[in-house]
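Here's a quick briefing to read with the model open beside you. Have a look first, then we'll go through it topic by topic.

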Amino acid sequence: MAIPKIPFGRTGLKVSRLALGTMTFGLQTDESVAKRILDRATEGGINFLDTADVYPLGGTLDTVGRTEEIVGRWLQGRRQHYIVATKAVGVTGPNDWDKGASRKHLLEAIDHSLKRLGTDYVDLYQLHSDDESTPLDETIEALDVIVKSGRARYVGVSNFLAWRLATALGRADFLRLTRFVSVQPRYSLLFREIERELLPLCQAEGLAVIPYNPLAGGMLTGKHKGGAPTPGTRFTLGTAAGRYQDRYWNERAFESVTQLGKLADQAGVSLTRLALAWVLANPAITAPLLGASKPEQLDETLAAADYKLDADLKAELDKLTHEYRYGDSVR
């Protein structure tokens with residue numbers, strides 16, 4: 001069964017129910033494997049690709065832009081068949097202005113991303129995080145210029161707290177400028193804080209939600225068993241290792257994964273498929289971002305689009321992971 005298409009928030013755009021995140025491309029995954037992952041995603045029905053100017057994950061200034069370049073080379077001759085999203089705000093160079101959401105940086109960053117991607121426009125241009133040092137009006141005005149110039153079709157945010165997103169929406173409406181249409185937050189059975197305020201805001205405002213880390217960096221595949229972090233994974237990957245260990249490499253998470261694994265076994269389904277189906281079951285969610293370092297890893301995640309999560313089983317999953325609704329993490 002082909003992956004269904006779904007409206008992208010209140011826009012007239014439709015995207016595949018699952019999206020492909022590309023942040024492993026260029027460091028954890030070399031270009032030849034990355035292209036096989038892109039091919040496999042396409043075969044599975046995905047037409048929505050997400051990247052960022054700072055990728056690959058875990059890289060340094062020497063690797064900035066490498067992922068966009070890989071995606072761009074693969075897209076040549078087929079760009080018209082894909083929804084392409086990228087992001088800016090992260091550090092991309094040695095100068096003070098080579099980061100953030102200032103007018104100067106965003107107008108330069110979009111041009112650099114387009115060059116690397118080999119395209120005249122992106123479908124979705126996102127703020128990778130909240131730059132509180134730049135006035136929201138300046139950022140919104142710069143994004144409005146980018147959309148009206150044709151370099152992006154829509155704009156969105158990632159890693160924003162609900163109150164900041166609400167403020168940004170209000171300022172865009174007041175100034176009659178291009179409005180954010182989507183959010184990209186972290187969300188999984190092991191991180192549910194966004195259910196309290198961000199997701200209700202998104203539903204009220206008609207925003208698309210494209211969550212990353214739906215498998216908690218691979219924790220919800222059940223392959224990690226504790227002890228020393230697994231070599232070759234995000235938990236040991238360059239500059240990203242510490243962040244992922246802080247997020248998930250703890251006794252509480254391992255105990256939760258063990259309990260979740262038992263529920264998956266009782267249901268006769270893999271934990272991977274079950275965890276992703278749980279994310280998809282939330283009516284606020286548009287298209288979770290699938291990550292992969294090998295093409296075969298997509299087999300179970302693509303299958304989640306067809307899996308119907310029983311209401312009683314969902315209630316058990318909700319109850320078991322209820323504690324992950326609480327906390328104050330920004331990303």
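Is His128 buried or exposed? His128 comes out at 10% relative accessibility, so it counts as buried (buried means under 20% relative accessible area, exposed over 50%, partly exposed in between, with a 1.4 Å probe and protein chains only). Keep in mind that this is a predicted model: local features need pLDDT of at least 70, side-chain atom pairs count only at pLDDT 80 or more, and totals for chains, interfaces and linings use all residues. Residues are numbered from 1 along each chain as its sequence is written, and side-chain values use heavy atoms, with hydrogens and water left out.

**Around His128**

- His128 sits in the loop between β6 (122-127) and α4 (136-148); helices (H or I, at least four residues) and strands (E, at least two) are DSSP runs, numbered from the N terminus.
- Setting aside neighbours within four places in sequence, His128 touches Ala52, Val54, Tyr55, Lys87, Ala88, Val89, Ser158, Asn159 and Arg331 (contact means heavy atoms within 4.5 Å).

**The sheet**

- There's an open sheet of 8 strands, and its order reads β9-β8-β7-β6-β5-β4-β3-β10, with parallel pairing (two strands pair if DSSP finds at least two bridges between them).
- The edges belong to β9 and β10, each with a single partner strand, so one side of each has no neighbour in the sheet.

- Strand β5 (residues 83-88) is mostly covered, with 6 of its 6 residues buried.
- What covers which face? Ile83, Ala85 and Lys87 are buried on one side of β5, and Val84, Thr86 and Ala88 are buried on the other.
- Strand β4 (residues 48-50) pairs with β5 in the parallel sense over 3 bridges, and Asp50 has Ala85 in β5 as its bridge partner.
- From β4 the chain goes through helix α2 (residues 66-75) to β5, a right-handed β-α-β crossover (right-handed if, with the strands pointing away from the viewer, the path from the first strand over the helix to the second runs clockwise).
- β5 also pairs with β6, in the parallel sense and over 4 bridges; here Lys87 has Gln126 in β6 as its bridge partner.
- Helix α3 (residues 103-117) carries the chain from β5 to β6, and this β-α-β crossover is right-handed.

**β8 and its partners**

- Strand β8 (residues 180-184) has 5 of 5 residues buried, so it is largely enclosed by the rest of the structure.
- Strand β7 (residues 152-158) runs parallel to β8 and is joined to it by 4 bridges, with Gly156 opposite Ser182 in β8.
- β7, helix α5 (residues 162-175) and β8 form a right-handed β-α-β unit.
- β8 pairs in the parallel sense with strand β9 (residues 208-209) over 2 bridges, and Val183 stands opposite Val209 in β9.
- The chain gets from β8 to β9 through helix α6 (residues 198-205), in a right-handed β-α-β crossover.

**Helix α9**

- Helix α9 (residues 271-280) is mostly covered, with 9 of its 10 residues buried; Leu271, Leu274 and Trp278 are among them.
- The buried residues of α9 pack against α8 (251-267), β10 (289-290), α10 (298-303) and α11 (311-320).

- Most residues other than glycine have a negative phi, and most peptide bonds are trans.
- Tyr55 and Pro56 are joined by a cis peptide bond, with omega about 25°; Pro56 belongs to the loop between β4 and α2.
- Asn159, in the loop between β7 and α5, has a positive phi near 60°, and Asn159 is buried at a relative accessible area of 6%.
- Arg176 isn't a glycine either, yet has a positive phi of about 60°; Arg176 lies in the loop between α5 and β8 and counts as exposed at 75% relative accessibility.
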